[in-house]
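Reader: Let's go through this one together. Could you walk me through the burial and the charge pairs?

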Amino acid sequence: SSIERDTLLAVSAFHAPFSISDAEALTDEPGAEDLIAALVAASLVEPPDHNGEYRLLEPVRQYAAWRLQASGGTAEVQQHHSGWIRGSLSNLDAVMQTNAEAEALQWVYKKRGDLLAAVRAARESNNPDEVLHILAVVGHPLRATGAGEPFADPSLWAIKHPDASHGHDYFRACLGTYMFAEGRMNRDEEEAFLRTALGHAVEAGNERAQCELLHYLGMASPPHDAVSTEEKLELLDQSIDIAERIGAQNLLNRFLSNRAITLSRHFGRLDEAESTIERASELEGSDEVELLGRRLHLLSLRGGWRTAMIGYQGIAATFEERGQFFRAQGLWREAGLCAVRVGAFEQLSLARSEVERLDRVIGRYPAIPFDIEVALLDENYADVLDLARQWLGHHMPGKPTENLTPKQRWVVFGNEGHPPGLLIVLRPAAFALFHTGRPADACWIAGVLPGLLAQSPFRYMEAFGEMELWEPLRGPCG
């Protein structure tokens, strides 16, 4: 019937499973439950899952969306969809205030397709404040679940828009966006992004935003000399002081935890890091699982690799139960590297399989970079180079001059010459070249690559496969 057809066209706006009440929000027709049941009977909508939610197979959804556009009804349905998103975000914000983290993260991860569609629609209508409102609520969950990358460009567009309001949503969106868009920016751009937002926070008298932005400035990039070390720590301490003064216990807990990991990982100040963790553990509402991860990191740095390995495995499962897949994957990687240290190869195999499984859940690139880390730790430099070539070959099949999919381009090169994936591969590759008697090639990667990528990334891809092509490119680097 025409009513069933109109219902099908309306629910084509959903990119994720939807409930009957969700469907009612997108259609003005009464009796949505009977209409959806009829569409299920006609095999146009999938039967309800264990959560009582329905979905369209992607070919059906795309065809229905095309028919909707042809009928001129897209704008009206999009308006209903935006209203549904706003109502859902209001409910989600309330849930997040109750610390029901797992529920919030799972909802955001499941609905990420709908959220992205709403963000893109707001950008197309030149509405930066709508984008900021969405990212204000879901920015941190997107980062925690590893699902934020597609949101980076529209988020940065809204934050930099001259008509964007610098209210509460702006600062929340800045903080969330920075966490999943930092791979799109080099060090100078990161600092400029954070300092611009900090300036707006000072003007607005928003101390909560000030302390968070100061904290991220302190965390933004590892220091390279004693002066910058102290400057970074001073920024971190300023953020901690403000959080303590305004009584933001949840921020204080997170800031102390991050200060500890920064002290240990970048500065090697283990005793000071340990005292910082103890201070955090005394706070009301402290996250004991997160703090345990910090303690395990210190333990591994002090040589307690086997105990740290077992501990990492346990808390990785806890973070996955919370819906924090990105964090869980990082812990499995740490468990695997500890396994290499103690020769526990069955545990290494387990860690690798978990990293691969979470790659599929998160939608990230394959786990070869993890294998490269393992080979490097094991001083197996031939494998490092072989795995690096495999990784590049996976994302760039055939000649480098062939067209890349958007996903391949992002994974290999990132945006504007700041690649997240490629550098994960190249740093250990340079180290391996140095240790296999090719210091000049290693020097070339370490010293020339960032500028070369920014100008012509495809030249590098050819050079990596055929080392003799490097000779005319080295120039003064020798």
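Author: Buried means under 20% relative accessible area, exposed means over 50%, and partly exposed is in between (1.4 Å probe, protein chains only). This is a predicted model, where local features need pLDDT of at least 70 and side-chain atom pairs count only at pLDDT 80 or more, while totals for chains, interfaces and linings use all residues. Residues are numbered from 1 along each chain as its sequence is written, and side-chain values use heavy atoms, with hydrogens and water left out.

Reader: What is the average pLDDT?

Author: The protein averages 77, and 76% of the residues score at least 70. pLDDT is the predictor's confidence in each residue, from 0 to 100. Over residues 396-420 the pLDDT is below 50, yet that stretch has 57 contacts in the model beyond near neighbours in sequence. Contact here means heavy atoms within 4.5 Å.

Reader: On to charges. How many salt bridges does the structure hold?

Author: It holds 21. A salt bridge is a side-chain nitrogen of Lys or Arg within 4 Å of a carboxyl oxygen of Asp or Glu. One of them pairs Glu 244 with Arg 279 at 3.2 Å, N to O. The pair links distant parts of the chain, with Glu 244 in helix 13 (residues 226-245) and Arg 279 in helix 15 (residues 270-281), 35 residues apart. Helices are DSSP runs of H or I, at least four residues, numbered from the N terminus.

Reader: Which residue does Arg 302 pair with?

Author: Asp 271, in a salt bridge of 2.9 Å, N to O. Arg 302 sits in the loop between helix 16 and helix 17 (305-321), and Asp 271 is in helix 15, 31 residues apart. Asp 271 counts as exposed because its relative accessible area is 59%. Arg 302 is partly exposed, at 40%.

Reader: And Arg 327, what is its salt-bridge partner?

Author: Glu 290, with the closest N and O atoms 2.8 Å apart. Arg 327 lies in helix 18 (residues 325-342) and Glu 290 in helix 16, so the bridge ties together parts that are 37 residues apart in sequence. Glu 290 is buried because its relative accessible area is 15%. Arg 327, at 22%, is partly exposed. Elsewhere, salt bridges that share partners join Asp 22, Glu 53, Lys 110 and Lys 111 into one network.

Reader: Which residues does Arg 294 touch?

Author: Not counting residues up to four places away in sequence, Arg 294 touches Ser 257, Asn 258, Ile 261, Ile 277 and Arg 327. Arg 294 is in helix 16 (residues 288-301). Its relative accessible area is 12%, so Arg 294 is buried. Its side chain also makes a polar contact with the side chain of Ser 257, at 2.8 Å. A polar contact is a pair of N or O atoms within 3.5 Å; within protein, one must be able to donate a hydrogen and the other to accept it, and residues adjacent in sequence count only if both atoms are side-chain atoms.

Reader: New topic. How many disulfides turn up?

Author: Zero, searching the whole structure. A disulfide is a pair of cysteine sulfur atoms within 2.5 Å. Cys 174 counts as buried because its relative accessibility is 1%. Cys 338 is buried as well, at 4%.

Methods. Helix = DSSP H or I, 4+ residues; strand = E, 2+ residues; numbered from the N terminus.
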